[in-house]
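User: Hey, can you walk me through this one? I'm new to reading structures.
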Amino acid sequence: MAIPYSCFHPLPGVDVIRLTDKAIDPEALRRELFDPAAGAYAGFEGWIRNENDGHRVERLEYESYEPLAISEGEKVIAEARKKFPVLHAHCVHRTGLLEIGECAVWVGVSSAHRDEAFSACRYIIDQVKVRLPIWKKEHYSDGNSGWVNCERCAQHAHPSAVSL
Amino acid sequence: MSKSITVRYFAIFREHAGLDEETVSLDVQTAGDVFEQLKDRHGSSEPLGHCKVAINDEMADWKTVINDGDTVLLFPPVAGG
């Protein structure tokens, strides 16, 4: 049986990994994954939460180094496609200032069956969080702010909150 | 022998250093040496393993040898998603 071209290549004109400073629209992104051979879609949305580690969070700020975030993201998606037989896999990550409830990251995968869609989606979000050069700064209700995962990054700073 | 290296700081490292980028002259062998010698700049006491480094826009590791003229990007622990 002939395997469609689209099984091995991203859709024309669509990047598999993108950074954007505009609101993420998961519905529109999901439509990019439609494929006649797809019987399953799995999506993940990461949202901005109002609390972290006992701190009341007002908003979040994402910084990235785009050239390497893109190249590393492309590697992650290529790995997911190699591990799991999926049709399409995309990821979009926000940059800039985000408010509570906004979508910070979206991952979508379409495949013939559900198992590989779930597995590839999980693999992509897990790797994106630990490998891409993206940093988040939490702005707290008390006026302080702090870079996530950077408790020991600045020797002179308060353990988890750096004054503005 | 000292090497001329362009260093770029990101996120909390940039805030601590007070600048995005600078060219420094350092007597170093590896990317890890650059991190150690610039501690006063980036201010980090994180273990090297928690941070990442890229050289000339390619992800690298801390044992990578630094050449004269390289651009070294110092990344604090990442936190995407």
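**A first look**

Analyst: Chain A has 3 helices and 9 strands, where helices (H or I, at least four residues) and strands (E, at least two) are DSSP runs, numbered from the N terminus. This is a predicted model, where local features need pLDDT of at least 70, side-chain atom pairs count only at pLDDT 80 or more, and totals for chains, interfaces and linings use all residues. Residues are numbered from 1 along each chain as its sequence is written, while chains are lettered from A and ligands numbered from 1 in the order in which they are written.

User: In what pattern do they come along chain A?

Analyst: Reading along the sequence, you get β-α-β-β-β-α-β-β-β-α-β-β.

User: Ok, chain B now. What's the strand order in its open sheet?

Analyst: The 5 strands run E2-E1-E5-E3-E4, with mixed pairing. Two strands pair if DSSP finds at least two bridges between them.

User: Why is one side of E2 and of E4 left without a neighbour?

Analyst: E2 (21–26) and E4 (58–60) of chain B stand at the edges and each has a single partner strand, so one side of each has no neighbour in the sheet.

User: And how do E3 and E5 pair?

Analyst: In chain B, E3 (residues 52–55) and E5 (residues 71–75) are antiparallel, over 4 bridges. There, B:Val53 sits opposite B:Leu74 of E5(B).

User: How many residues does each chain give to the contact?

Analyst: Chain B gives 20 residues and chain A gives 27, with two residues in contact if their C-beta atoms, placed from the backbone, lie within 7 Å. On chain B's side, H1(B) gives the largest share, 3 residues.
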